[in-house]
Amino acid sequence: MAARHLPATHLAALLGSAADSSPAYQAIADGLRLLIADGRILYGTRLPSERELTAALGVSRTTVARSYAELRDRGYLSSRRGSGSVATLPGGPQPPTSNVLMPSGQDTSFIDLTCAAPAAPPGTAQAYADALDELPAYLAGSGYYPTGLPVLREALAERFAERGLPTDPDQIIVTTGALAGVAIAARTLTGVADRVLVETPTYPNSIAALRRSGARLVGVPVEPSGPDPDVLDGALRRTRATAALLIPDFHNPTGALMPDHIRARVARSLQDAGTTAIVDETMVELGLGDAGHAAPMATFASNTLTVGTASKSFWGGLRIGWLRAPHDRVGAVTEARLSLDLGAPVLEQLVLVHLLRQREALLAARRQQLTASRAALAAALADQLPDWRFALPAGGLALWCELPEPLSSALAAAAERHGVLLASGPRFSVEGGLERFIRLPYTLEPDTLREAVGAIAVAWSEARRRRSATSRRRPWVA
Ligand SMILES: Cc1ncc(COP(=O)(O)O)c(C=O)c1O
């Protein structure tokens, strides 16, 4: 595979105002080092030539040459005649971290912020009771519904149609959640060693699911504001990936919503590269405030496999999700599904039918509760950790916070000692890095979040103190 190439204009945008500080060569070198260490420029990416970067930054050639020399000295750049300058890491590529997030279930000795999942809405027990009343009608059959109960497939197809994507119930395959949907989509589309393009950061367990399917993952760095269509297009052209996993609706972890005009561009790039999108719509119903809505990605790229779930809109305990496929792929998706499991539980599918009937009211309450928790978390952070940076996301369940120092893993370890479980930035990364980021979900009650931030602030000072003690003893540690 050809090396990734980072255009000079894109690098200049990533560096932002870094080049304006003095001395400029040092500021550029520091900015680049952080981008590489954070995984926002991926290991092995070919950087622009000195001449190209000089023009893009409007600085002198000597300045850029000195920056590159400094990075080479510190192990962040390798330059070879003929192949240009390539991003590296001191010690080589980082071994892949285990990505999976494991919800802690009933363990109440910690505040668990690794899991972005709300409690069941009021009325869930009643929905179970109503579903139980309907169950006898199903008991005479085998109970196997490999594509799902017809009544649920109809309700889900209707919801897609309401969102502007006409859908036949036959196009819906009910799954045991969105993660299962991603795994089924990967099995449908890819074989061993096929390339799958994945946004980085992205939802950790999907990274693990795709890796286990044998696919070769290609990370595309996405900014907290969402993917840059030029960067995505470049990656698709270069890799001709078989599939691309995208979360355009309130991305996990950044919360970004991809606007319609970018969806249209991304759809063209996918088509040109012959790549099929697996679109994870887990958060699609969780727009907050006046976030607005975008049309489903499958209205732009009709061969998309769209994955959805009841886990975040309603309750994770249902373990019900779905996959929407174009007609000509339903057979292949069903076959892939049958190699994993034979269907989803009948009772929970009936429960979801009841919850969907009250969708508007339940979601309005959920959005209200999330908005309050988001405000409490943001206020506690502004108060206790004022040098952390984050943008209030348009929707979804978490803040993606940028730390002033790349200490995310150290922070997670320290926070655990103070009773808070955190998912560090590198968990969300396909190829390492993201030590400068941490995801903080706002699915818990405001008071619990305030308490968690208090403990995180203590853990943060501890992680910083340890770091400065280490760098006094070992000043070469960056
Ligand atoms: C983007 C995304 N995809 C998939 C999942 C897993 O969802 P499910 O519980 O439906 O398997 C999550 C859960 O957090 C998620 O955020």
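This is a predicted model: local features need pLDDT of at least 70, side-chain atom pairs count only at pLDDT 80 or more; totals for chains, interfaces and linings use all residues.
**Entry: domains.** I looked up the domain assignment, which gives domain 1 (8-87), domain 2 (111-117 + 361-473) and domain 3 (140-357). I then turned to domain 2 and domain 3, and found that their C-alpha centres lie 27 Å apart.

**Entry: where domain 2 meets domain 3.** I noted that 25 residues of domain 2 are in contact with 28 residues of domain 3, and that the two domains bury about 2200 Å² between them, 63% of it on carbon and sulfur atoms. On the side of domain 2 that touches domain 3, helix 14 (359-384), strand 11 (398-402) and strand 13 (437-441) each give two or more residues, and helix 14 gives the most, with seven. Sorting that side by class, I have 15 nonpolar, four polar and six charged residues.

**Entry: salt bridges.** My search of the whole structure gave 18 salt bridges. In helix 10 (residues 229-239), R237 and D233 lie four residues apart, about one turn of the helix, and their closest N and O atoms are 2.7 Å apart. Which of the two is buried? I found that D233 counts as buried, because its relative accessibility of 12% is under 20%, whereas R237 is partly exposed at 48%.

I also looked at R464 and E405, whose side chains meet in a salt bridge (2.6 Å, N to O); this pair links distant parts of the chain, 59 residues apart, with R464 in helix 16 (residues 446-473) and E405 in the loop between strand 11 and helix 15 (408-417). Lastly, I recorded a network of salt bridges that links R159, E162, E285, R359 and E360.

Note on methods:
Residues are numbered from 1 along each chain as its sequence is written. Side-chain values use heavy atoms; hydrogens and water are left out. Domain bounds come from an automatic or database domain assignment. Contact means heavy atoms within 4.5 Å. Buried area is the accessible area (1.4 Å probe) that two parts lose on being put together, summed over both. Ala, Val, Leu, Ile, Met, Phe, Trp, Tyr, Cys and Pro count as nonpolar, Asp, Glu, Lys and Arg as charged, and the others, Gly among them, as polar. A salt bridge is a side-chain nitrogen of Lys or Arg within 4 Å of a carboxyl oxygen of Asp or Glu. Buried means under 20% relative accessible area, exposed over 50%, partly exposed in between (1.4 Å probe, protein chains only).
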